[in-house]
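Me: Could you take a close look at one part of this model for me, namely how the domains meet and what surrounds the ligand? Cut-offs alongside the terms would be handy.

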Amino acid sequence: MKVLISGAGIAGNALAFWLSKLGHEVIVVEWFPNLRATGLQIDLRGPGIQVLRRMGLEEAFRAKAAPEHGFQIVDGSGRRRAYFPANKSGKGLQSLTSDFEIMRGDLCHLLHHATEGRATYVFGTSIESYEEKDSVVEVQFAGGRTDTFDLVVGADGQWSKTRKMMLGPDAPDALYLLGGVYTAYFTMPRPIEEGEEYIATAYIAPGRRGLFLRRHSPDTVQVYMGCTSDSDKLRGARRGDMKAEKEALAEFYQGAGWRTREIVKAMREADDFYCERMCLVKLDAWSRGRVTLVGDAGYCPSATTGMGTTCGMVGAYILAGEIARHCGGNDTKDDLAGALKAYDEKFRPFMDQVQKGVASDTGMWSSMPTSAFGVGVLNCIMGLVSFLRLDLAKWFLKEDAVKDWKLPEARSNFPLRSLYFEEFTTQCHVLNFQSAN
Ligand SMILES: Cc1cc2nc3c(=O)[nH]c(=O)nc-3n(C[C@H](O)[C@H](O)[C@H](O)COP(=O)(O)OP(=O)(O)OC[C@H]3O[C@@H](n4cnc5c(N)ncnc54)[C@H](O)[C@@H]3O)c2cc1C
């Protein structure tokens, strides 16, 4: 098949990896002028790790992995109140820090390199419109060029334009903003100090404001400012209007304590600042005709679940697997509808469990304390939880929410191409070995 993927993020690259491996002609368009390799630390959990392994990319991932080995909660004076080490045992659920942490850009590059040469990437363009005609999709790109494809996949993130086109101009979008939850991301240059460890540090301030610092390199610290706010200024700041967003956040974080002053100053100076509204994407069907969605575009679970990247990787694997199963031969192209239906049926039980309850209560954000007393109580509870070695991630994140669901085996997921699969996986191992050296 000739497949168009819109978006060269995590899910887009992962799908291009599998579909090109299956021998399909894959074209990826990315509106950004180059591979958009920005963003902070992301992680893989559960079946996301299994998919990475089946791609043969674990070694290459580990070579670039963020060295974080735990997560601590501090109070306003910087004193540690709780500590949760990463689960390095290779068994069971991941902790708050996964054993598979990586900078988003590094994972993007890794997937892209493993696919380069087999898929075609076109940067600086996007789908303007499309129309289904006689068993093909005719696509018009920005700039006026047109082409036809057997399948079009929207992997263009939570604000997906493909999704909006698929739903139609009069239909409401399937994106739900989670009650005023914002997260701002940026980095600040801070050389590592003697004795400083690679651990994530969270500080909870009164007024449902949180600060989170993570170190992934000896020179730089990542900053996350996460809050629930009904501030008119924050709500009024247009998405992407950095100046207005920074101004609104600076005002909202005034007097939050701990290292707020230093962090707000760094935020004002940051040129990689990025502010996102926390949201959920939920659709009754991920495909319409010969157009389908993968990753955040189809089922963004929100960053609160800790499962966004895992869902994108697993969704891409299942979609490709169903395409292998239903469109394996030269003249079975027309069972694409069967493949897309099976993708939905197989993956939806997973996504339903990950997304369960996210829209109704906004998860941990709704339980954030508003008063200093509330923060004190929360810190004591966290201290007790860490002392008793209970699993905090299990309560907040959604890795453990998925029950009775199994990732299809590689061989059964790629039944018609298994020989090709083996051969390709071997090539990936060679590639990893070379890049690790
Ligand atoms: C720049 C950036 C930074 C991020 N930083 C973080 C972070 O720090 N922490 C975190 O948890 N998550 C972050 N995310 C989100 C995270 O990558 C996803 O939630 C998750 O990995 C699922 O990936 P995805 O491929 O579905 O979406 P994304 O990773 O968002 O990828 C979508 C891709 O589609 C491209 N795109 C968008 N619109 C169009 C269009 N019209 N035409 C063509 N291409 C288009 C985007 O430029 C991007 O490359 C970030 C996403 C982006 C784009």
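Reply: The protein is split into domain 1 (2-65 + 103-174 + 282-361 + 407-428) and domain 2 (178-278 + 369-396), with bounds taken from an automatic or database domain assignment. Before going further: this is a predicted model, where local features need pLDDT of at least 70, side-chain atom pairs count only at pLDDT 80 or more, and totals for chains, interfaces and linings use all residues. Residues are numbered from 1 along each chain as its sequence is written, and side-chain values use heavy atoms, with hydrogens and water left out.

On the contact itself (heavy atoms within 4.5 Å), domain 1 puts in 10 residues and domain 2 puts in 14 residues. Together they bury about 1,000 Å², 60% of it from carbon and sulfur atoms; buried area is the accessible area (1.4 Å probe) that two parts lose on being put together, summed over both. On the domain 1 side, Leu40, Gln41 and Trp159 lose the most area to domain 2, together 53% of what that side buries.As for polar links across this interface, the rule finds zero salt bridges (a side-chain nitrogen of Lys or Arg within 4 Å of a carboxyl oxygen of Asp or Glu), but four residue pairs in polar contact, both at pLDDT 80 or more.

Now the ligand: 27 residues surround it, and the closest are Ala11, Glu30, Trp31, Leu40 and Asp296, where a residue counts if one of its heavy atoms lies within 4 Å. Oxygen atoms of the ligand sit 3.0 Å from a polar backbone atom of Ile10, 2.9 Å from a polar side-chain atom of Arg104 and 3.0 Å from one of Thr309. A polar contact here is a pair of N or O atoms within 3.5 Å; within protein, one must be able to donate a hydrogen and the other to accept it, and residues adjacent in sequence count only if both atoms are side-chain atoms.
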